[in-house]
Amino acid sequence: MWNEPILSKWVPRPLLDARSRRPVMNPPEEDNLISNAITARRVGELGIPVSIGAHGQREGLGAHWDMWTFVMGGMTPMQSLHTGTINPARALGLDKDLGSLEPGKLADLVVLDDNPLENIRNSDHIAMTMIGGRLLDSNLQVVAGGSGGFRPFWFQQQAGGAFTAGTANAVTHQED
């Protein structure tokens, strides 16, 4: 996670390292990621809708990781994309407004640089995001449907900038 380009762009390095680097605590024989993905595929084959289950890990990337894992378990990329779009919308009773692109539905969406049907790992190659009728570029600046954009995050501003990699190293060494 600490090398993930999206995270590196939006999360200060010291926070990213502190929240994503940890020792492996389970033996390899207990790693059940693929087994769970295979089971999810089998459940889907029985006609039971499968949805992503990320719990907010690392700034929303957990949703992508879930979809990638489902493909590792044998789902097609399209089936996997449904686990993060229309399936959860249906499960929540919101599919009349969300989960697919159709006339009359809300149109919050992402525009991708690469096709996730060719490689599911392209799901995080986000070029633009449409939110509430405003089209934002990858730097979260409005390019259509309004003006402005997102203000700098706390760590990008002067006070937040005081917490740098050097500061993190000093803090880390004090804790050692």
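What share of the contacts in the protein with a separation of 6 or more comes from residues 24 or more positions apart? The points below begin with that value.

1. Overall make-up. Residues 24 or more positions apart account for 38% of the contacts in the protein with a separation of 6 or more, a contact being heavy atoms within 4.5 Å. This is a predicted model, in which local features need pLDDT of at least 70, side-chain atom pairs count only at pLDDT 80 or more, and totals for chains, interfaces and linings use all residues. Residues are numbered from 1 along each chain as its sequence is written, and side-chain values use heavy atoms, with hydrogens and water left out.

2. Secondary structure. The protein has seven helices and four strands, in the sequence order α-α-α-α-α-α-β-β-β-β-α. Helices (H or I, at least four residues) and strands (E, at least two) are DSSP runs, numbered from the N terminus. Of the 176 residues in the protein, 25% are buried; buried means under 20% relative accessible area, exposed over 50%, and partly exposed in between (1.4 Å probe, protein chains only).

3. Helix α4. The twelve residues of α4 (residues 61-72) should span 16 Å at 1.5 Å a residue, and the end C-alpha atoms are 17 Å apart, which agrees. The expected span is 1.5 Å times one less than the number of residues. Leu 61, Gly 62, His 64, Met 67, Trp 68, Thr 69 and Phe 70 are the buried residues of α4, and they pack against α1 (5-10), α3 (33-45), α5 (77-83) and β2 (126-131). Gly 74, with a positive phi near 115 degrees, follows the helix.

4. Ser 80 lies in helix α5 and is buried, with a relative accessible area of 0%. The side chain of Ser 80 reaches the backbone oxygen of Met 67 at 2.6 Å. Not counting residues up to four places away in sequence, Ser 80 touches Met 67, Trp 68, Phe 70, Val 71, Met 75 and Ile 120. Val 71, in helix α4, is partly exposed because its relative accessibility is 24%. Val 71 and Arg 121 are 50 residues apart in sequence, and their C-alpha atoms are 9.6 Å apart in space.

5. The largest pocket. About 1,500 Å³ of space lies in the largest pocket. Among its 49 lining residues, those closest to the centre are His 64, Leu 109, Val 110, Ser 123 and Ile 126. A pocket is an open set of points on a 1 Å grid over the protein atoms alone, where a 1.4 Å probe fits, with protein on both sides within 12 Å along at least five of seven lines; lining residues have an atom within 4 Å of a point. The largest share of the lining, six residues, comes from β2. By class, the lining has 31 nonpolar, 13 polar and five charged residues.

6. Loop residues. Leu 98, in the loop between α6 (86-91) and β1 (109-112), is partly exposed, with a relative accessible area of 34%. Leu 98 touches Ile 86, Ala 89, Lys 105 and Leu 106, residues up to four places away in sequence not being counted. Leu 140 lies in the loop between β3 and β4 (142-144) and has a positive phi of about 65 degrees although it is not a glycine. Most residues other than glycine have a negative phi.

Methods: Grid points are joined across faces, edges and corners, and a volume is the space filled by probe spheres set on the points. Ala, Val, Leu, Ile, Met, Phe, Trp, Tyr, Cys and Pro count as nonpolar, Asp, Glu, Lys and Arg as charged, and the others, Gly among them, as polar. A polar contact is a pair of N or O atoms within 3.5 Å; within protein, one must be able to donate a hydrogen and the other to accept it, and residues adjacent in sequence count only if both atoms are side-chain atoms.
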